[in-house]
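Me: I am new to this structure. Please show me how to read a few of its features.

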Amino acid sequence: MSEPLLELRNLRKHYVTRQGLLRRAGPPVKAVDGVSLSVQRGEVLGLVGESGCGKSTTGKTILKLIEPTGGSIHFAGEDITHWSRQRMLPLRRQMQIIFQDPYGSLNPRLSIGTILAAPFEIHGTAPAEEIPDRVGALLRLVGLPSEAAQRHPHEFSGGQRQRIGIARALALRPQLIIADEPVSALDVSIQAQIINLLQRLRAELRLTYVFISHNLGVISQICDRVAVMHRGRVVELAPRDSLFFDARHPYTRMLLAAVPQPVPGPRRRVVAEAWSPLGEGALRECAPGHFVAEYSA
Amino acid sequence: MVGAAPPLGAPVLKVEGLGVRIRLGRRYLRALDDVGFVLRRGETLGLVGESGSGKTLTALALMRLVETSAIEADQGAVLFDGEDLLSLPERAMEDLRGRRIAMIFQEPMTALNPVLSVGRQIAEVLQRHLGMKRRAARAQAVALLDQVGIQNAARIARAYPHELSGGMRQRVTIAIAIACRPAVLVADEPTTALDVTVQAQILDLLRDIQAEMGMAMLLITHDLGVVAETAQRVAVMYAGRVIETAPVAALFDHPRHPYTRGLLRSIPRITRERPAALAEIPGTVPGLLALPRGCAFAARCELANAYCTSVRPALEPIGPEHAVACWRHPDV
């Protein structure tokens with residue numbers, strides 16, 4: 001296998017909690033607690049889990065929007081864990097993020113043209129006179145008319161705003177996109193449009209995605225490999241088919257059983273298997289490329 | 001609670017030709033138009049649709065929870081126990097609401113009072129509607145918390161909403177809703193804010209309660225998976241109207257409205273063979289300010305013709321309990 005585009009080694013993010021009158025430090029909240037993953041170029045790696053499992057914190061830590069407590073982050077072979085903001089700036093062109101709520105991440109006072117021009121201006125990657133053309137091309141790339149540049153965020157529907165969020169992320173031709181619940185706020189018919197767009201862009205621009213979602217159906221549609229997270233750790237990591245049809249970890253199996261299927265019939269009850277992590281819950285390879293955290297039943 | 005309960009399957013609530021309008025300055029927007037369905041004892045009707053389709057407004061209108069100077073249910077009837085709820089005096093409606101017809105919401109935190117213990121909030125309902133004494137109501141509140149699957153019910157009864165998880169809070173709102181053994185429960189996206197494993201527990205709980213009490217449930221959701229596994233019949237809404245209604249198997253196996261079919265096709269399904277691309281419904285839902293003259297879905301519909309864009313189709317029966325509002329339904 002070639003060198004991965006992204007590699008996380010034992011990544012940790014612990015938050016200190018303050019308790020009581022004297023604000024003494026309580027036990028740390030281990031939002032991310034020893035995550036090791038690698039992502040190949042052109043691959044879509046899914047991060048799935050329930051709220052609080054650490055998937056979103058992992059995504060933001062990759063971009064160093066959150067500083068890790070421990071472990072390391074390697075991008076294109078370089079250890080960027082301790083890089084300063086200054087040093088990170090050129091790298092930010094190559095790694096971008098798409099958020100769940102595009103409305104919250106688009107300045108309502110600015111026109112779409114101004115919002116999409118900002119990355120070029122900040123990074124100085126296009127001469128000023130070329131920027132309007134670049135913006136128009138970006139809009140067309142995500143399926144919007146060039147004239148959208150003159151309008152403001154509130155004039156667009158949720159799906160269109162997510163297209164704008166995607167356009168902004170693509171402005172600097174990144175290699176890696178962290179997509180953090182990018183379709184979770186959208187209606188199902190619009191969700192399909194955005195998933196298809198992301199799949200088309202991946203092929204056309206040879207992008208690599210870390211795709212974070214709580215929705216297993218969405219994950220199954222877009223991902224090549226999937227990591228299931230639980231309490232800050234990866235409990236199972238497998239190619240898409242193995243994860244969905246040959247899940248080995250009791251938590252993964254429960255998660256899959258709980259997904260309501262759009263097939264009529266009474267639901268079968270979800271029975272949780274009792275399990276607890278064994279030791280540090282180290283990943284063990286049970287089949288080629290299929291890893292399961294050690295647990296005891 | 002007095003007298004013999006009607007048999008399972010007997011209609012308990014009928015919504016007929018319900019219309020709601022919203023005043024905007026001197027204009028009126030028709031937010032709901034000719035909405036109709038029947039709720040039957042012991043049955044769950046799934047009311048599905050995307051944002052802005054009018055499913056929540058339908059629930060609020062039948063509960064009489066929307067009346068302001070700007071929003072008004074101006075057409076149709078909501079028949080319950082031989083009375084039209086829309087013409088009931090507000091006092092009578094207050095007596096009915098929470099006792100005979102109860103509602104639970106998507107976000108339990110906003111439905112609960114943050115400064116009262118959950119036990120007290122349940123007890124208040126029992127005191128207000130059933131005239132129970134305080135001590136008896138407190139004891140009954142603990143029993144209800146136990147019934148909704150909360151362990152250590154006596155201890156949790158003294159807890160405040162912020163001390164509970166989202167799933168626990170939703171169990172508390174369910175306890176409040178079922179406290180008076182209502183004939184109808186309106187559940188508006190009751191599991192949308194919850195994790196999938198907690199959602200499964202809450203759906204199981206609602207099903208158990210329904211089986212035990214025989215209440216009718218109106219389950220409002222955007223999640224077709226939840227509907228498929230929970231409801232017996234489904235009504236699909238689009239742009240303020242019901243566009244298809246059918247038993248759940250018929251709707252999923254043979255949808256007859258192009259919108260229903262499109263929705264079902266656009267869901268990403270966990271199957272071994274995955275499609276190269278998901279089926280899309282092009283375009284977006286029309287705004288209420290710009291509703292077309294004909295079928296509201298025509299602009300997004302691959303089957304639409306000139307007739308569809310000029311004349312609005314009414315909901316017409318096409319089979320056993322199956323009705324659809326589409327001129328082109330024979331071709332779907």
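The turns below go from a whole chain to one strand.

Reply: This is a predicted model, in which local features need pLDDT of at least 70, side-chain atom pairs count only at pLDDT 80 or more, and totals for chains, interfaces and linings use all residues. Residues are numbered from 1 along each chain as its sequence is written, while chains are lettered from A and ligands numbered from 1 in the order in which they are written.

Me: How do the side chains of a strand point, and which residues of β11(A) lie on each side?

Reply: Side chains in a regular strand alternate between the two faces of the sheet. In β11(A), Arg225(A), Ala227(A) and Met229(A) lie on one side, with Val226(A), Val228(A) and His230(A) on the other, and all are buried.

Me: Which strands pair with β11(A)?

Reply: Two strands pair if DSSP finds at least two bridges between them. Strand β5 (residues 44–48) of chain A runs parallel to β11(A), with 4 bridges, and Leu47(A) is opposite Ala227(A). Strand β12(A) is antiparallel to β11(A), with 6 bridges; here Val228(A) faces Glu236(A). The hairpin of β11(A) and β12(A) has 2 residues between the strands, and Arg231(A) takes a positive phi near 50°.

Note on methods
Buried ≥ 20, exposed ≤ 12 C-beta atoms within 10 Å, placed from the backbone.
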